[in-house]
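Welcome! Please open your viewer and get ready to select a few things in turn.

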Amino acid sequence: MSLPSPSVDLSSYRDQHFKGSRAEQDRLLRTSTTLYVGNLSFYTTEEQIYELFSKCGDIKRIVMGLDKYKKTPCGFCFMEYYLRVDAEHCMRYVNGTRLDDRIIRTDWDAGFIEGRQYGRGKTGGQR
């Protein structure tokens with residue numbers, strides 16, 4: 001027996017740097033298996049993330065967010081599952097849970113593109 005598929009709330013997050021139309025982003029969000037995970041501790045390891053998120057399904061890859069210059073973790077990651085239903089379970093059950101004394105949040109992502117793993121810093125550009 002499978003769980004019912006939750007509706008996709010596209011209003012929660014929009015990537016302001018998405019290269020394409022809003023309609024294209026909405027289409028990708030509806031079929032995506034990738035999640036943005038935010039509010040991670042800078043000390044949270046990839047292994048800890050894997051341990052928690054693998055409870056929802058098989059993980060294809062984790063891309064840790066890094067400071068553009070120091071290459072150190074900066075509080076977010078991208079989580080890609082093999083199946084959409086596993087990502088939906090993650091949105092339902094992991095979003096809002098505590099990891100390393102931080103309440104983490106998950107949002108749908110239209111798909112990871114190389115370069116997005118570098119945080120935008122305080123001004124949005126890490127000047």
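Here is a short tour, one stop at a time.

This is a predicted model, where local features need pLDDT of at least 70, side-chain atom pairs count only at pLDDT 80 or more, and totals for chains, interfaces and linings use all residues. Residues are numbered from 1 along each chain as its sequence is written, and side-chain values use heavy atoms, with hydrogens and water left out.

**Confidence.** Start by colouring the chain by pLDDT, the predictor's confidence in each residue, from 0 to 100. The protein chain has a mean pLDDT of 82, and 76% of its residues reach 70 or more. Now select residues 1–7, where pLDDT stays under 50, and then residues 122–127, where pLDDT also stays under 50. Where pLDDT is low, the predicted coordinates should not be read in detail.

**Two cysteines.** Next, select Cys-56 and Cys-90. A disulfide is a pair of cysteine sulfur atoms within 2.5 Å, and the structure holds zero disulfides. Cys-56 is buried, with a relative accessible area of 11% (buried means under 20% relative accessible area, exposed over 50%, partly exposed in between, with a 1.4 Å probe and protein chains only).

**Helix H3.** Select residues 84–93, which form helix H3 (helices are DSSP runs of H or I, at least four residues, numbered from the N terminus). Seven of its 10 residues are buried, so H3 is largely enclosed by the rest of the structure. Among the buried ones are His-89, Cys-90 and Met-91.

**Arg-84.** Finish in H3 with Arg-84, which is buried at a relative accessible area of 15%. A polar atom of the Arg-84 side chain lies 2.9 Å from the backbone oxygen of Leu-29. The backbone oxygen of Ser-32 is 2.7 Å from a polar atom of that side chain of Arg-84.

Conventions:
Contact = heavy atoms within 4.5 Å. Helix = DSSP H or I, 4+ residues; strand = E, 2+ residues; numbered from the N terminus. Polar contact = N/O pair within 3.5 Å; in protein donor to acceptor, adjacent residues only side chain to side chain.
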